[in-house]
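Me: I have a structure here that I have not looked at before. Can you walk me through it?

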Amino acid sequence: MGKTRVVVTGLGASTPIGGDVASTWDGLLAGKSGSRTLPWDNLDALPVQFAAQAAVEPADTGVIPKPRMRRMDRCQQFALIAAIEAMKDAGYAHGDTEGLTIDSDRLGVVLSSGIGGLHSALDSYDVFKEKGWRRVSPFTVPMLMPNGSAAHVGLEFNATAGIHALVSACSSSAEAIGYGIDMIRAGRADTVIAGGTEACIHPLQMASFGAMRAMSTRNDAPELASRPYDKARDGFVLGEGAAVLILESEEHARARGAKIYAYASGVGYSADGHDMVQPPEDGRGAAKAMQRCLADAGLEPEQIIHINAHGTSTPQGDVAELAGIKKAFGDHAYRLNITATKSMTGHLLGGAGALEALVTVLTLRDGLVPPTVNLENLDDAVDLDIVHGEPRKLADGPAAALNNSFGFGGHNVTLAFERAL
Amino acid sequence: MAEVSTQTILDGLGEIVEEIVGIPAADVTPEKNFIDDLDIDSLSMVEIAVAAQDKFGVEIPDDELKNLRTVQDVVDYVQGLAAKA
């Protein structure tokens, strides 16, 4: 064999459903939607007037000292809060929390954002226009750069094995986890803080995604707007927040007696070679990512019992992904329990892959698949088994699951996780 | 421009430093060196200078900023400009 096995030993999150992992997971099992009307003036100027804003404001957590908060973009705040929760959960020391002190040179960070510090960039531009360059914050550049979140987390934990921030739109943080797995396999680190973050619920994004006709315009019922696989779906719902997984070599985790949530078994990548923003109808790019992921993880298709789908609630994307699943799995596709987390969380863009990886890990641990909500009338084109209505119990024993993430630009990333027994 | 009292400047500077870098305003006393005693980095000094300009209505050019090493230096600088005005 030879390949180092990678395990997940800690989880952290700040999402539209809850301010931490426990409240997020409880909310997802309860079928809770995070989508709400935006508390903004001049909503009439926008085509889409709702989003899935974070359940808990970063400032209200008290996790980050106020002066530091001023120098962090909102996406960086979410990332750091989630990373601190995950590292504590993994049993590492932080602040007043007792735990294992880690060798800095064996700790890495791979943390992505699809967009970066959009609020900071636009706010600083407003200051510049109104008051001139001298009033622009000297921290504007580190606040808007897309690697800023990874850098903040790296500094917090003094991670000197390497800090990376891969960018591939909505598959960014799935790629981050894949890269984290590879960092450990390559022997570059024992532990990697891997995840993603996004905070771009801003009028410009509501306007620009609106201009693409990519988002749901169900302004009269925001909580019903994200409805993957439903006949009446009309686009995605923008979300914000962060999710972080602590990846660790199995050897390192076992030696320190860490709790093990699951194996992070492998990753598969592909590119569509088709279009900037549309997937090919037959899902061939997605299928390749899934097949390569199975090969990388050393799993047979029949070992997979569950897929946490990308499922964003767009008319084309949802069915193209299912076509890809059929291409990759053949008849076994009909035995898969499939769910779309975005029906509740909305779409966290660069944070989505990590959040859904986290959900996949908890699904395997608890043997419960969270439902796809708002699925009232299944699209005629959908003949696979979409879990909806209420959570579905998975059988005990060995279990493996895939998590798909796709991004504008034609990026496809699939991650594989296995239950730790 | 009327002379600004030393206490007004100290109070104002204390508020700014507390807001920007989180050091309690009470620690911002005349003899303190921004870098050595208060552990304030150069970019934070830029932020503090901009906030001080807004609060006290005086321009602090970048060339002057490096000469303002202690809290007393800022008091003297602001009062000096006020006296000239």
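Me: What does the domain assignment of chain A give?

Reply: Domain 1 (7-262) and domain 2 (264-419). Such bounds come from an automatic or database domain assignment. Before going on: this is a predicted model, where local features need pLDDT of at least 70, side-chain atom pairs count only at pLDDT 80 or more, and totals for chains, interfaces and linings use all residues. Residues are numbered from 1 along each chain as its sequence is written, with chains lettered from A and ligands numbered from 1 in the order in which they are written.

Me: How far apart do the C-alpha centres of domain 1 and domain 2 of chain A lie?

Reply: They lie 21 Å apart.

Me: And how many residues of each are in contact?

Reply: 63 residues of domain 1 of chain A are in contact with 59 residues of domain 2 of chain A. Contact here requires C-beta atoms, placed from the backbone, within 7 Å of each other.

Me: Which element gives the most to the domain 1 side?

Reply: That is α8(A), with eight residues. The elements that each supply at least two residues to this side are β1 (6-14), α1 (21-29), α8 (172-185), β6 (191-198) and β7 (241-249) of chain A. Helices (H or I, at least four residues) and strands (E, at least two) are DSSP runs, numbered from the N terminus.

Me: What classes do the residues on that side of domain 1 divide into?

Reply: On the side of domain 1 of chain A that touches domain 2 of chain A there are 34 nonpolar, 21 polar and eight charged residues. Ala, Val, Leu, Ile, Met, Phe, Trp, Tyr, Cys and Pro count as nonpolar, Asp, Glu, Lys and Arg as charged, and the others, Gly among them, as polar.

Me: Switching to the two chains. How many residues does the contact take from chain A and from chain B?

Reply: Eight residues from chain A and seven residues from chain B. On the chain B side, α1 (6-21) and α2 (42-56) of chain B give two or more residues. The largest share of that side, four residues, comes from α2(B). By class, the side of chain B that touches chain A has five nonpolar, one polar and one charged residues.

Me: Now Leu322(A). Where does it lie?

Reply: Leu322(A) is in helix α12 (residues 315-329) of chain A.

Me: Is Leu322(A) buried or exposed?

Reply: Leu322(A) counts as buried because it has 24 C-beta neighbours inside 10 Å. The cut-offs: buried means 20 or more other C-beta atoms within 10 Å of a residue's own, exposed means 12 or fewer, and partly exposed is in between, with C-beta atoms placed from the backbone.

Me: What does Leu322(A) touch?

Reply: Not counting residues up to four places away in sequence, Leu322(A) touches Val382(A) and Leu384(A).

Me: What about the rest of the helix, which residues of α12(A) are buried?

Reply: Among them are Gly317(A), Asp318(A), Ala320(A) and Phe329(A). The buried residues of α12(A) pack against α11 (284-297), β9 (304-308) and β13 (400-407) of chain A. After α12(A) comes Gly330(A), whose phi is positive, near 60 degrees.

Me: You mentioned β9(A). Which strands does it pair with?

Reply: β9(A) pairs in the parallel sense with β13(A) over four bridges. β9(A) also pairs in the parallel sense with strand β10 (residues 337-339) of chain A, over three bridges. Two strands count as paired if DSSP finds at least two bridges between them. In β10(A), Thr339(A) is the bridge partner of Asn308(A). The chain crosses from β9(A) through α12(A) to β10(A), and this β-α-β crossover is right-handed, that is, with the strands pointing away from the viewer, the path from the first strand over the helix to the second runs clockwise.

Me: How many residues of β9(A) are buried?

Reply: Five of its five, and β9(A) is mostly covered.

Me: Last one: Tyr269(A). Why does it count as partly exposed?

Reply: Tyr269(A) counts as partly exposed because it has 18 C-beta neighbours inside 10 Å. Tyr269(A) lies in strand β8 (residues 262-271) of chain A, and eight of the ten residues of β8(A) are buried.

Me: Which strands pair with β8(A)?

Reply: β1(A) pairs with β8(A) in the antiparallel sense over three bridges. Strand β14 (residues 411-419) of chain A pairs with β8(A) in the antiparallel sense over nine bridges. In β14(A), Leu415(A) stands opposite Val267(A).

How values were computed. Contact = placed C-beta atoms within 7 Å.
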